[in-house]
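Hello,

Here is the structure I promised to send over. Have a look at it first, and then read on for what turned up.

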Amino acid sequence: MQYVRELECYQEQRKAAVTLGKFDGLHRGHQKLVSRVKAHASKEVVSVVFAFDMAPLYERLGKQKKSLMTGKERYEHLDGQTDYLIDCPFTEEISGMEAETFIKEVLVDQFHAAYIAVGTDFHFGHEKRGDIHMLKQYAGIYGYELEVVDKELYQGREISSTYIKEEVRAGHMEVARELLGYPYAMSGVVEHGRKLGRKLGIPTMNITPDIGKLAPPNGVYACRVRIDGNYYQGIGNLGNKPTVDADGKLILEVNVFSFDRETYGQTIQVELLSFVRPERKFASVEELKSQMEADIAAIKRREL
Ligand SMILES: Cc1cc2nc3c(=O)[nH]c(=O)nc-3n(C[C@H](O)[C@H](O)[C@H](O)COP(=O)(O)O)c2cc1C
Ligand SMILES: Nc1ncnc2c1ncn2[C@@H]1O[C@H](COP(=O)(O)OP(=O)(O)OP(=O)(O)O)[C@@H](O)[C@H]1O
């Protein structure tokens, strides 16, 4: 898959099957659009996911919005599925562009769009004036096919990034997984901790979650950990370890079952499958240790 950040760098001459949106989380609704675009790709037609990266807008507004996925994660999820990922920064130039201009200059002249798939509520262009009706109106004039894809639902509610964020914030990891179509995960490079875990007999791999990534509530989670392409069961604590540390830094620590190799400096992915209990400040390290042992035993019994 080719990754394009600056629109000027897209030089493909073949026609394109394109889907557009923010695509935060690449949830089941987004995946439906991606599969429609893939179905319309051929030797003559490339498949394109055109994602607006909203970070520049949030920066301009001074907002600290957290996302379900980092740009790197979006790339990794899509890699091998479509021909192109456009990770278009939502700059003032883009947000100020009239919707008609975006259709003509970007979708038609630059991307040679032959097929466009969007959800029913897709809006674009200056003051969000562009919508599915405008795209339909220009389809005949510019000769592209428009498909408006019905919203994917979960228990009667439309799946959206906003809905999934609510569930992640509430620690409902099983629901988040249903909506995403895959488990919510955090990745990072394994760092050195205080080596107290080893002394307690419960060694942990420590990672610092990406600053822009939405964190579920601090607490203990049943996890599945990917190391070197292999998966292991484990237990994780997301939080700032109030019993032993006072710096308040958010850390995800996982004790990986049936694993005893060094992983410092390696990138691991921790899927947060199920919330077990909130993080607590214990009166002593001994109390913390017995609670950790009880957590591990409970998770092993549940065989998540
Ligand atoms: C299953 C599990 C549960 C944990 N629960 C808590 C907790 O409730 N409160 C807390 O302060 N730290 C908690 N921790 C973090 C421990 O304090 C930490 O793993 C230990 O101090 C080792 O730190 P180190 O990696 O820096 O050596 C938990 C860790 C694990 C693996
Ligand atoms: N549940 C869904 N089913 C099908 N298509 C969807 C669904 N949700 C969004 N889409 C479409 O996917 C594209 C990207 O959606 P986008 O990420 O902008 O919206 P979203 O997931 O609803 O997020 P938000 O909650 O932030 O509005 C758009 O064309 C949108 O209409």
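**Around ligand 2**

Helix 1 gives the most residues to the shell around ligand 2, namely four. Please keep in mind that this is a predicted model. The shell has 21 residues, and those that come nearest to the ligand are G21, G29, G119, S160 and T162. Strand 2, helix 1, strand 5 and helix 7 (161–169) are the elements that each give two or more residues to this shell. Sorted by class, the residues around ligand 2 are seven nonpolar, seven polar and seven charged.

**Strands 5 and 6**

G119, one of the residues nearest to ligand 2, also has a place in the strand pairing: G119 stands opposite V149 in strand 6. Between strand 5 (residues 113–119) and strand 6 (residues 145–149) there are five bridges, and the pairing is parallel. To get from strand 5 to strand 6 the chain passes through helix 6 (residues 132–142), in a right-handed β-α-β crossover.

**Two residues with positive phi**

Which residue in the loop between strand 5 and helix 6 might you want to look at? That would be K128, which has a positive phi of about 55° without being a glycine.

Is F23 buried or exposed? F23 is buried, because it has 26 C-beta neighbours inside 10 Å and 20 or more are needed.

Best wishes

Conventions
Residues are numbered from 1 along each chain as its sequence is written. Chains are lettered from A and ligands numbered from 1 in the order in which they are written. This is a predicted model: local features need pLDDT of at least 70, side-chain atom pairs count only at pLDDT 80 or more; totals for chains, interfaces and linings use all residues. Two strands pair if DSSP finds at least two bridges between them. A crossover is right-handed if, with the strands pointing away from the viewer, the path from the first strand over the helix to the second runs clockwise. A residue is buried if 20 or more other C-beta atoms lie within 10 Å of its own, exposed if 12 or fewer, and partly exposed in between; C-beta atoms are placed from the backbone. A residue is near a molecule or strand if its C-beta atom, placed from the backbone, lies within 6 Å of it. Ala, Val, Leu, Ile, Met, Phe, Trp, Tyr, Cys and Pro count as nonpolar, Asp, Glu, Lys and Arg as charged, and the others, Gly among them, as polar.
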